[in-house]
Amino acid sequence: MRSLHAPTRPLHRVLPLPAHSRLSLPGRFRPTAAKTYATSASSSATATKPRIRWRTVARYTIYLAGSSVVGVGLLTCAIFLHDACTYRERHIEGVPVSPRALHPERGGPKNLPVLSRLLSDLEDDENRELVEKPHLVIVGGGWGAVGVIDKLSPGDYHVTIVSPETYTTFTPLLPSAAVGTVSVRSLVEPLRKIAARLKGHLINARAVDLVMSERLLEVETIVPGGKSERMYIPYDKLIIAVGSTSSTHGVPGLEHCFQLKTISDAQAIRKRIIDNFEAASLPTTTPEERRKLLSFVVCGGGPTGVETAAEIYDLCQEDLINYFPKICRKEVSIHLIQSREHILNTYSEAISRYAEDKFMHDNIDLITSARVQAVEPDKVMYSKRGPDGKTETHEIPTNFVLWSTGIAMNPFTRRVADLLPNQVHKKAIEVDAHLRVKGAPLGEVYAIGDASTIETSVVPYLLELVDEADKNKDGKIDFEEWEIMVSRIKKRIPMAEEQLQKVRELFDLYDSDSDNSLNLNELAVLLQEIGNKITALPATAQVASQQGKYLGKKLSKIAERRKVLEANGLRPEEADDAVSGPFRYSHLGSLAYIGNAAVFDLGRFSFMGGLAAMYAWRSVYWSEQVSMRTRALLMIDWIVRGVWGRDLSRL
């Protein structure tokens, strides 16, 4: 019998609800259920997320690998198809050749063969049509010549290029090629490929003389066996773009110096540098001889000299130090001799100071306000004023000297200047604002680039200008007539525009007798002063390229409008003025490499710096390449140099 105080059994039993039940539970059960749910959900999510990530990574990896395989396969197929199309048989039997090309007639003052026809003149219909066109002969294969070819329209002229080299060279990067930063192959483009667009011809020869009366160009070529042979090339229009040579300034011993104007020069410099380091690394080399072998002297503080000194420093600091005895790097000395007070003196003052500070930081010896007296096989002698004002002579023992100071006339340019009595310039052929050679028949002979200089003197045109402006024919020029004369001067010599901005002030300044007019004597003095203040264009690739493109466009316009000009009664020599205005140079800026840094002089402002400026410098030169082939090669060279360094082989 149960006790009355015994606990009574509940009438029903409380059962736990499932975890997913939404029924309300007593307070002591709710926390436990929520905790159990959160823990299980978190564990499930944590386990699922890594699996999703790995699946995503695996999927995109497969996509990348698959696309790479497909891309390589397509590239391989493209190369295979290209090779299959390239290596095919071509039938060349029965190609017509002009008898005058096979057996040239003789003529001219020296009775030489006259190349009135070339071997490929009749080989197809297009070439046969070009034979009847005016014969345009371009002497040279540099910046100016390439600029002309680039802007000529196909079919306008029968084009022949005369050049001692079979290629054009990107000269601004020659200092880089001289130390192996880039390959010389990356800087050249065959002239035959460049002229192919115009169906042009190349005569691998050197121009030596000119017969203007018979329109014959005398050239000298090297035939098999080493003998030279001379011949005439007839022309209707002749463009002289032979460049220049380095000025000697009367310094003896320059035969012991290197220059840097051609691919051959760059190759010779590279061989000498490697040879010097190899000899310096021998145990039998004395300390004095080692210092002389590793002493590099650059004469000239312009862009070429500065960039070469910087490239030699980079070669020693980045490559040679890793593969030659360290004592060789310790004994290296680089000297730069400049006749002016600062290097890069044609750039802004800020750029000159920046470059000098950079060279001083790199321990490059800057010798400014000095003049080279002589160059001997084992030393350079130069003079410089000492602290007491007296001139002192110093010498630098060396086995390497680069001469890069100023320009002088090419031998052919000198010959042309000697043929014309009014050519008095000592460094180049003087041309007018249309780039026509002064003294030569108008519209026949042009000169561009380093071979030419545009006239700056206004005095020779004094009487002609007075005759045009003097409306009342009183022999004097009043202010209204002076304004007319100013417009004529600007048209004839565009480089005088800057000096003629203040027209009224000039008139009042030179009106010495205050009679509100200028007589002939006053005009002569005024025009002489204006001419003295005009600065000639620099001998740079930029100027040559712009002149070449200007001339190419103008000649194409003359060819295009030939019938219209003839219908209007204009003679061929008057076509230049009818179709185009005078040449106007637009300065786009100057730049220079100074060793893992670069400087830009853009006129109103300058830009200089380290790697960022260097890559900007590379970008500019990369974009100025002649073809996509050289752009690709140049990019590969920079990548190879950055990854594996420069090639130190002596080739």
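A residue counts as buried when its relative accessible area is under 20%, as exposed when that area is over 50%, and as partly exposed in between, with a 1.4 Å probe and protein chains only. By that rule L435 is buried, because its relative accessibility is 0%. This is a predicted model, in which local features need pLDDT of at least 70 and side-chain atom pairs count only at pLDDT 80 or more, while totals for chains, interfaces and linings use all residues. Residues are numbered from 1 along each chain as its sequence is written, and side-chain values use heavy atoms, with hydrogens and water left out.

**Loop residues**

L435 sits in the loop that joins β21 (429-431) to β22 (445-447), where helices (H or I, at least four residues) and strands (E, at least two) are DSSP runs numbered from the N terminus. With contact meaning heavy atoms within 4.5 Å, and with neighbours within four places in sequence set aside, L435 is in contact with V445, Y446, A447, I448, I454, Q547, Y550 and F583. Between the C-alpha atoms of L435 and T56, which are 379 residues apart along the chain, the separation is 68 Å.

T368 also belongs to a loop, the one between β15 (365-367) and β16 (370-376), and T368 is buried because its relative accessible area is 18%. Not counting residues up to four places away in sequence, T368 touches Q338, R340, E341 and K384.

Two other loop residues have a positive phi. K199, which is not a glycine, has a phi of about 55 degrees and lies between α6 and β7 (201-204); since its relative accessible area is 28%, K199 is partly exposed. R215, likewise a residue other than glycine, has a phi near 50 degrees and is placed in the loop between β8 (206-211) and β9 (216-222); with a relative accessible area of 32%, R215 is therefore partly exposed.

**Nonpolar cores**

A nonpolar core is a set of buried Ala, Val, Leu, Ile, Met, Phe, Trp, Tyr and Cys residues joined through side-chain atoms within 4.5 Å. The largest such core has 59 residues, and within it L187, I273, F277 and F359 touch the most other members. Helix α9 (residues 303-323) gives the most to this core, namely eight residues. F277, leaving aside its neighbours within four places in sequence, is in contact with L294, F296, C316, L320, F324, C328 and V332.

Helix α4 (residues 143-151) has a run of buried residues, G144, A145, V146, G147, V148 and I149. These buried residues pack against β3 (135-139), β4 (158-163), β5 (167-169), α6 (191-195), β11 (237-240) and α17 (541-560).

**Helix pairs**

Two packed helices are described by the angle between their axes and the distance between the axes. Axes are lines fitted to C-alpha atoms, for helices over the stretch in contact, and angles run from 0 to 180 degrees between N-to-C directions.

| Helix pair | Angle | Axis distance |
|---|---|---|
| α14 (residues 479-492) and α15 (residues 503-510) | about 120 degrees | 11 Å |
| α13 (residues 462-469) and α16 (residues 520-533) | about 120 degrees | 11 Å |

Angles under 35 degrees count as roughly parallel, over 145 as roughly antiparallel, 65 to 115 as roughly perpendicular and the rest as oblique. The helices α14 and α15 are therefore oblique to each other, and so are α13 and α16. A crossing is left-handed if the near helix is turned anticlockwise from the far one by less than a right angle, and right-handed if clockwise; α14 passes α15 in a right-handed crossing, and the crossing of α13 and α16 is right-handed.

L527, located in helix α16, is buried because its relative accessible area is 0%. Residues up to four places away in sequence not being counted, L527 touches V458, V459, L462, L465 and I489. From L527 to G389, 138 residues apart in sequence, the C-alpha to C-alpha distance is 39 Å.
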